Amino acid sequence: MTQISMDIKKVSSNPAFLDIKNYSVFFVYLIVNSLFVIKYGENYIIPLLSGYLVMVSGISILYIKINLKDIVYKLFFVVGVILFFLFSIYLNYNVDGNSLNVDRWSAMEIGIKAIFNGQYPYNIPDHMGRESSNLPMLIVLGMPFYLLFGSVGYLQPFTFLFFTFLIFKIFSYYRQRLAVLILLFLSPSYLWEVYVKSDLFSNFMIITGFVYLIWRKFLKMKIMKLEIVSFLSALVLLTRFSSVIPLTILLIKKFFEFSGKEKLRFIAVFIFTISALGYIFFHNAPNLEVFLEHNPLIIQGAKQPLILSLSYIGIACILSFRVKSFYDTIFWIGILLFICVFVPFIMFFFEYGYTNMIKNSFFDLSFFNMCMPFVIITVILEMFKNHNKEIK
């Protein structure tokens with residue numbers, strides 16, 4: 001072992017380093033939600049932000065110190081899930097999407113309509129005059145809700161139910177499960193997404209479920225076929241390009257451990273899945289010029305310099321060889337996704353200033369929500385680390 005490797009191992013096992021690592025994820029939770037309080041607090045930013053930080057910190061401390069019977073936590077958990085599910089459905093039904101200054105719902109909806117009508121989905125303006133940047137699989141996720149309820153906004157309530165099922169599988173006791181719900185309900189970033197019918201938080205709730213499924217069934221228990229993993233990985237990548245971060249951290253080490261034949265099988269299924277979905281969504285482009293000028297690759301790829309995007313993937317590759325547990329995996333996924341958004345946020349902040357960035361929406365704060373499902377689960381795993389088998 002080299003001296004550098006020994007130094008890294010020594011630092012990473014230092015109690016002070018571990019404390020910084022553990023507290024950092026809760027700090028990320030506070031940063032993201034504080035930005036939403038600042039943006040939408042209008043003329044009451046200081047009292048609202050101060051009150052929010054005191055409230056979250058106080059509730060967290062009390063929750064750790066008070067220990068009730070598990071049946072009490074179970075009751076609050078079940079009631080909380082039912083009430084919030086009904087509330088989110090009510091909100092989606094009563095909020096007129098066309099009145100919102102957010103177009104994620106309509107970008108998905110025009111994509112769905114275009115596919116059903118045999119049209120090219122990426123050169124049709126939504127209700128705000130913008131073109132859809134949704135990748136094919138994200139549009140597919142919205143199809144059942146559009147067909148059944150006439151609105152893609154119902155994706156959020158049902159993804160919330162999926163997330164509650166996920167935390168039921170990850171955590172052993174209702175005290176932990178309820179703690180996840182409380183952090184979710186105390187998150188303005190999530191409540192904002194539900195109100196505006198946005199799909200980003202829900203998208204990464206689903207990706208969190210994918211990470212847990214693959215980590216448990218494929219990496220730990222070794223009972224899932226690699227062809228299924230490849231197929232699901234391709235579908236995840238086709239929801240958002242930023243999903244390459246969790247995919248890389250989760251699977252790149254395992255991919256290098258595959259035999260030559262296994263690598264070929266994985267790549268073949270991956271390419272076939274992407275090609276099949278890609279054909280369905282792109283074959284109706286009127287001509288090559290329209291395809292080159294109007295496609296989600298162009299829109300999503302323009303969010304930050306290419307060199308930064310490549311550097312994040314490089315870091316994710318390194319982290320893949322460092323993670324040893326489910327906790328490590330989702331911790332580093334959450335942190336790296338946060339960094340991927342925080343770096344351009346800081347760059348643009350220095351360039352455009354506070355007013356343009358926050359008040360005039362030069363930067364879309366909702367991108368921070370990519371990390372939030374991972375961050376929230378990591379916070380609770382750390383809070384109750386001695387009671388969870390999954391993080392060992």
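Predicted model: local features only at pLDDT ≥ 70, side-chain atom pairs only at ≥ 80, totals over all residues.

Residues are numbered from 1 along each chain as its sequence is written, and side-chain values use heavy atoms, with hydrogens and water left out.

**Stop 1: the patch**

Select Leu62, Ile66 and Leu68. Together they make a nonpolar surface patch with about 280 Å² of accessible area. Patches are made of residues with over 30% relative accessible area and no salt bridge; like charges are joined within 9 Å, and nonpolar side chains (Val, Leu, Ile, Met, Phe, Trp, Tyr) within 5 Å. Accessible areas come from the Shrake-Rupley method with a 1.4 Å probe, and for residues only the protein chains shown count as cover.

Now center on leucine 68, in the loop between α3 (45–65) and α4 (70–94). Helices are DSSP runs (H or I, at least four residues), numbered from the N terminus.

**Stop 2: isoleucine 71**

Move to isoleucine 71 in helix α4. This residue counts as exposed, at 56% relative accessibility.

**Stop 3: salt bridges**

Side chains of opposite charge can pair when their charged atoms come close. A salt bridge here is a side-chain nitrogen of Lys or Arg within 4 Å of a carboxyl oxygen of Asp or Glu. The count by this rule is six; three of them follow.

Select arginine 240 and aspartate 199, whose side chains meet at 2.9 Å, N to O. Arginine 240 is in the loop between α11 (226–237) and α12 (244–257), and aspartate 199 is in the loop between α9 (188–196) and α10 (200–220), 41 residues apart. Both residues are buried.

Next, select glutamate 227 and arginine 265, a salt bridge with its closest N and O atoms 2.8 Å apart. Glutamate 227 lies in helix α11 and arginine 265 in helix α13 (residues 260–282), so the pair ties together parts 38 residues apart in sequence. Glutamate 227 is partly exposed at 26%, as is arginine 265 at 39%.

Finish with glutamate 257 and lysine 254, which meet in a salt bridge at 4.0 Å, N to O. Both lie in helix α12, three residues apart, about one turn of the helix.

Notes:
Helix = DSSP H or I, 4+ residues; strand = E, 2+ residues; numbered from the N terminus. Buried < 20%, exposed > 50% of the residue type's maximum accessible area, 1.4 Å probe, protein only.
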